[in-house]
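Some points on the strand pairing and one surface patch follow. Please read them against the model shown here.

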Amino acid sequence: MNIDSITNGFVIDHITAGRGMKLYDLLGLDNLDCSVAIIKNVASKKMGKKDIIKIDADIAIDIDVIGYVDPGTTVNVIKNCRLVEKRTLELPQMLTNVIKCKNPRCITSTEQEINHVFKLTDKDNGVYRCIYCETQAK
């Protein structure tokens with residue numbers, strides 16, 4: 001398999017095997033007009049198997065989505081074919097419009113223009129609650 005190097009863009013690495021496609025969908029990578037490579041079930045000494053996503057474009061990506069889906073993932077920023085930044089992600093404190101409140105009585109159910117905002121309430125268990133009605137995200 002031959003996957004070209006990236007000039008300017010991102011390498012999302014150490015994705016838990018099987019979660020690469022979920023990230024691809026949530027980040028809207030199918031809408032990009034650039035090279036995007038999803039490599040699934042790559043052998044890894046640290047993880048056994050992992051997924052990798054390579055994006056060959058200098059775009060804005062939502063780091064919070066990646067941290068929510070798979071904390072521990074690393075995001076490598078590439079500029080001029082060189083690694084300029086490497087971040088290991090954690091669960092974000094707040095999520096906006098990533099997940100939707102399931103409570104039919106929540107204001108977000110009746111007011112369409114209100115953002116769905118969730119706050120991390122239990123870091124150990126990855127529990128998020130709606131800031132408007134306190135409903136736990138599933």
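1. Leu120 stands opposite Tyr128 in E8. Strands here are DSSP runs of at least two residues, as helices are of at least four, numbered from the N terminus; two strands pair if DSSP finds at least two bridges between them. The model is predicted: local features need pLDDT of at least 70 and side-chain atom pairs pLDDT 80 or more, while totals for chains, interfaces and linings use all residues. Residues are numbered from 1 along each chain as its sequence is written, and side-chain values use heavy atoms, without hydrogens and water.

2. E7 pairs with strand E8 (residues 127-130) in the antiparallel sense, over 4 bridges. The two form a hairpin with 4 residues between them, and Gly126 in the turn has a positive phi of about 65 degrees.

3. Strand E7 (residues 117-122) is also joined by 3 bridges to strand E6 (residues 94-96), again antiparallel. Lys119 in E7 is the bridge partner of Met94.

4. Met94 also belongs to a nonpolar surface patch of about 340 Å², together with Ile107, Ile131 and Tyr132. Areas come from the Shrake-Rupley method with a 1.4 Å probe, and for residues only the protein chains shown count as cover.

5. Ile107 lies in helix H3 (residues 107-110).

6. An open sheet of 5 strands has the order E2-E3-E1-E4-E5, with antiparallel pairing. Its edge strands, E2 (36-44) and E5 (82-88), each pair on one side only.

Key:
Patch = residues over 30% accessible without salt bridge, like charges linked within 9 Å, V, L, I, M, F, W, Y side chains within 5 Å. Salt bridge = Lys/Arg side-chain N within 4 Å of Asp/Glu carboxyl O.
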